[in-house]
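Here are a few exercises to work through with the viewer open. Try each task yourself before you read the solution.

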Amino acid sequence: MNKTAVIYWSRTGNTEAMAKAIARGLKEGGVETALLRVRETDVSAVERYDSFAFGCPAMGKEVLEETEFEPFFAEIERRLKDKPVALFGSYGWGDGRWMRDWQMRVIASGASLFAQGLIFQTENPLVTKLKRVFRKDKKPDEAACLAFGKRFAAHIISGRHNINKVKEEIL
Ligand SMILES: Cc1cc2nc3c(=O)[nH]c(=O)nc-3n(C[C@H](O)[C@H](O)[C@H](O)COP(=O)(O)O)c2cc1C
C-alpha cells in the first residue's frame, strides 16, 4: 500500500491552499494521503510514509522557513533516498531561487524528485515595486495544484521512479 504525506509550512495560507489541493489530487488519484503541518510531524514520518510532497514558501532571503521547516527538512533529507518526493510552495517578489536550491538538495539526497517543484507567485512584482499599497495578491491556481497531485499519484502508483528526466531539466 502506498502511503503519502503532504507536509507543509504556511503562514498566510497560500502554501496551505496548495497543500490541500495537492492532497485532494493524490487522494483522487488513488493514493492514501495524510495532510500535515510540519509542526504536527517529525522525522519519524519516513518510517510511516512511502512518499512525500513537501510544501514551503520562500522566506527569509530566498530560503525555506527557518524556525520550523528548515530544521525538519535538514533532518529528513538524509533519509529520503529512493523515495518519491514532490515539492511545492508560494513566493512573493523573488525569482523562485529558493525552489531551485531546494530541488538541488532533494536531488543530492538521492530521493526520486518527481518533477520540477510547483511554484506560485502571489505578488505582482511590478505592482509591488510601484506601490505596495496597491498590491493585489494572487491566489495559487487550485486546478493546477489538483492536477499536480494527480500526476504525482500516477507516478507513485506506476513505481517507475526514473529521475534522469527531471535531473536533465533542472541541472
Ligand atoms: C518574512 C518573509 C520573508 C519572505 N521572503 C521572500 C523571499 O525571499 N522571496 C520571495 O519571493 N518571497 C518572499 N516572501 C513572500 C512569501 O513567500 C509569500 O508571501 C508567500 O505566498 C507566503 O506563503 P504562505 O501564504 O504559505 O505563508 C517572504 C514573506 C515573508 C513574510
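**Exercise 1: the ligand shell**

Which elements each supply at least two residues of the shell around the ligand?

Solution. Before you start, note that this is a predicted model, where local features need pLDDT of at least 70, side-chain atom pairs count only at pLDDT 80 or more, and totals for chains, interfaces and linings use all residues. Residues are numbered from 1 along each chain as its sequence is written.

Step 1: go by element, where helices (H or I, at least four residues) and strands (E, at least two) are DSSP runs numbered from the N terminus. The elements you want are α1 (14-28) and β4. Helix α1 gives three residues, the largest share of the shell.

Step 2: list the closest residues, counting a residue as near if its C-beta atom, placed from the backbone, lies within 6 Å of the molecule. The ligand has 19 residues around it, and Asn14, Thr15, Pro57, Gly92 and Gly94 come nearest.

Step 3: You get five nonpolar, 10 polar and four charged residues. Here Ala, Val, Leu, Ile, Met, Phe, Trp, Tyr, Cys and Pro count as nonpolar, Asp, Glu, Lys and Arg as charged, and the others, Gly among them, as polar.

**Exercise 2: threonine 15**

Find out whether threonine 15 is buried or exposed.

Step 1: count neighbours. A residue is buried if 20 or more other C-beta atoms lie within 10 Å of its own, exposed if 12 or fewer, and partly exposed in between, with C-beta atoms placed from the backbone. Threonine 15 has 25 C-beta neighbours inside 10 Å, so it counts as buried.

Step 2: Buried residues make up 38% of the 171 residues in the protein chain.

Step 3: look across to isoleucine 119, which is 104 residues from threonine 15 in sequence but 9.2 Å away in space, C-alpha to C-alpha.

**Exercise 3: strand β6**

Work out which residues of strand β6 are on its covered face, and how β6 runs relative to β4.

Solution. Leu118 and Phe120 are on the covered face, while Ile119 and Gln121 are on the uncovered one.

Step 1: check the pairing, which takes at least two DSSP bridges between two strands. Strand β4 (residues 84-91) and β6 run parallel and are joined by four bridges.

**Exercise 4: two helices**

Describe how α1 and α6 cross.

Solution. Step 1: get the geometry. The axes of α1 and helix α6 (residues 142-158) come within 7 Å and cross at roughly 40°. Axes are lines fitted to C-alpha atoms, for helices over the stretch in contact, and angles run from 0 to 180 degrees between N-to-C directions.

Step 1: name the angle. Under 35 degrees is roughly parallel, over 145 roughly antiparallel, 65 to 115 roughly perpendicular, and the rest oblique. Helices α1 and α6 are therefore oblique to each other.

**Exercise 5: positive phi**

Where do glutamate 62 and aspartate 82 sit?

Solution. Step 1: glutamate 62 is in the loop between β3 (51-55) and α3 (69-76). Its phi is near 60°, a positive value in a residue other than glycine. Glutamate 62 has 15 other C-beta atoms within 10 Å, so it is partly exposed.

Step 1: aspartate 82 is in the loop between α3 and β4, with phi near 70°. Aspartate 82 counts as exposed because it has 11 C-beta neighbours inside 10 Å.

Conventions
Near = placed C-beta within 6 Å.
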